[in-house]
Amino acid sequence: MNTVWLEKIKEWIKGASFIKVVVNKPINIEYAENIHINSNNNSPVFEYNEDRKLISINYKKLEPQDKENFANIAKEAVRRDDAVTLEKKSEERAEDIRSKEGASDVQAFLDYFKDKISPDDFAVLRAAVYIRKRFEAGADSSVIYELKGDIIRKYGTRGLTINNLYSSKYFENVIKLLYEGMKDSPDFSKEEFLEQYNAMISEASFAVFVSERKNAGEIRGAIEGKIIKILNYGIKKPVSIHGIGKSNIEMIKRIIPDIEDKYPHIKKSIQERAGIILVKFWF
Amino acid sequence: MKNVITFEASAKKDILSFFNKSVDSEGYIVEEKDPTQRVLTPDGEEVQLDEFAGIKKGSDIFIKSNVFSLFELIDKLER
C-alpha cells in the first residue's frame with residue numbers, strides 16, 4: 001500500500017487551523033488508515049475514530065486556506081500517489097462484491113467460465129452471480145432492480161437473458177454440461193462451443209432445456225407453449241430443444257414425433273454429436 | 001478498502017472541484033475551464049453527477065457507481 005498521501009494528510013491535519021480551535025484534547029492520528037470526506041452542516045470539521053482508524057473531514061466547514069491545501073493534497077493523492085477517491089456507498093458495494101466473490105464456490109464458478117465466454121458475457125455473469133447472492137441475503141427489491149438496471153443499460157436484452165439463464169441455474173446445469181460434453185471430443189474447438197452457447201443465448205426465449213427432472217408430458221407442454229407463442233405473434237424464430245446426455249437425447253427423440261403429429265406443417269432440424277442434441281422446430 | 005479516500009454524496013461536487021471539474025445544466029460532469037467538454041469514462045461514456053462514484057489514478061479515470069465500473073475498479077486494485 002502506498003501511504004505517501006496518507007502521511008501528507010496527517011501532516012496537513014497537524015498544522016491545519018481547525019486542529020487548534022476545534023480539537024481541544026490531544027489526539028494521536030499516527031495509526032489512522034482511512035480518510036473520509038463529507039460536506040454537510042451537521043458533522044464536525046474533524047473527527048477521529050480510533051477503532052476504525054478513520055479520519056473524517058467536513059470540507060464544507062474548513063477555512064478557505066485549509067480547503068485549498070486539502071484539495072491539493074487529495075488531488076495529488078490520486079494523480080501521483082495511486083489513491084482512489086470513491087463515494088462511500090460504492091466503496092461499500094465494491095467491498096461487498098469482493099467479499100461475495102471471495103467465497104470458494106463463487107470463485108470456482110467464475111474461474112470456470114472466465115476464459116470460456118466473451119469478456120462482456122463474463123461481466124454480465126459476474127453481475128448475475130452478485131445479484132443472486134444479494135437476493136439470497138435478503139436484499140431489498142430496489143437493490144435487485146438497480147443491479148438488473150445496470151445490466152440492461154450496459155448490455156441490453158442479451159445481458160438480461162444471461163442474467164435470467166443464470167438465475168434459472170442454466171449455467172451450472174446446462175451450459176457447463178454442454179462444455180464438459182464437448183471438450184473431450186477429438187475435434188473440439190472453443191469456437192464450436194461458442195457457436196452452441198451463442199445459439200442458446202440468442203434463442204433462450206424460445207428454447208426448452210431438457211433435464212431428467214422433467215417428464216415427457218412437462219417437456220411436451222413446454223415445447224408446445226413456445227410453439228403457440230411463435231404462432232400467435234408471428235415470430236420468425238425457431239423453437240429450440242437442447243438436451244445433454246443419453247437419457248435426455250432419447251427423451252427428446254421420443255417427443256419429436258408427437259410434435260410433428262400435432263403440427264403437420266412444422267419443419268425440423270436435428271444436430272447431434274458428442275452426447276448433445278439440438279433440435280429446432282420452425283414454421 | 002486500502003488506498004481509498006471515501007466521501008459522502010454530499011461532497012461529490014467538492015471532490016470534483018479538487019480535479020477542476022464541475023457540473024453542467026444537464027447534470028453531466030464537465031471540465032471547469034471548458035464546460036462544453038464533458039468528461040468520459042475509459043469506455044467513452046459521459047458521467048452524470050448522480051452516477052459519479054469516484055476518480056482513480058491516470059488522466060483522471062472516472063468511476064461510475066454501476067456494478068461493471070466497480071468490477072473494473074476491484075480488478076485494478078487487486079492487480
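Two strands count as paired if DSSP finds at least two bridges between them, a strand being a DSSP run of E of at least two residues and a helix a run of H or I of at least four, numbered from the N terminus. With that in hand, look at I37(A): its bridge partner in β1(B) is F7(B). Strand β1 (residues 34-38) of chain A and β1(B) pair in the parallel sense over three bridges.

A word on the ground rules. This is a predicted model, where local features need pLDDT of at least 70 and side-chain atom pairs count only at pLDDT 80 or more, while totals for chains, interfaces and linings use all residues. Residues are numbered from 1 along each chain as its sequence is written, and chains are lettered from A and ligands numbered from 1 in the order in which they are written.

Now for where the chains meet. Contact (C-beta atoms, placed from the backbone, within 7 Å) links 31 residues of chain B with 36 residues of chain A. On the chain B side, α2(B) gives the most, with six residues. That side divides up like this, with Gly counted among the polar residues:

| Class | Residues of chain B touching chain A |
|---|---|
| nonpolar (Ala, Val, Leu, Ile, Met, Phe, Trp, Tyr, Cys, Pro) | 18 residues |
| polar (the others) | seven residues |

Leaving aside neighbours within four places in sequence, K56(B) is in contact with V78(A), V84(A), I61(B), I63(B) and L73(B). K56(B) and L73(B) are 17 residues apart in sequence, yet 8.7 Å apart in space, C-alpha to C-alpha.

Terms used: Two residues are in contact if their C-beta atoms, placed from the backbone, lie within 7 Å.
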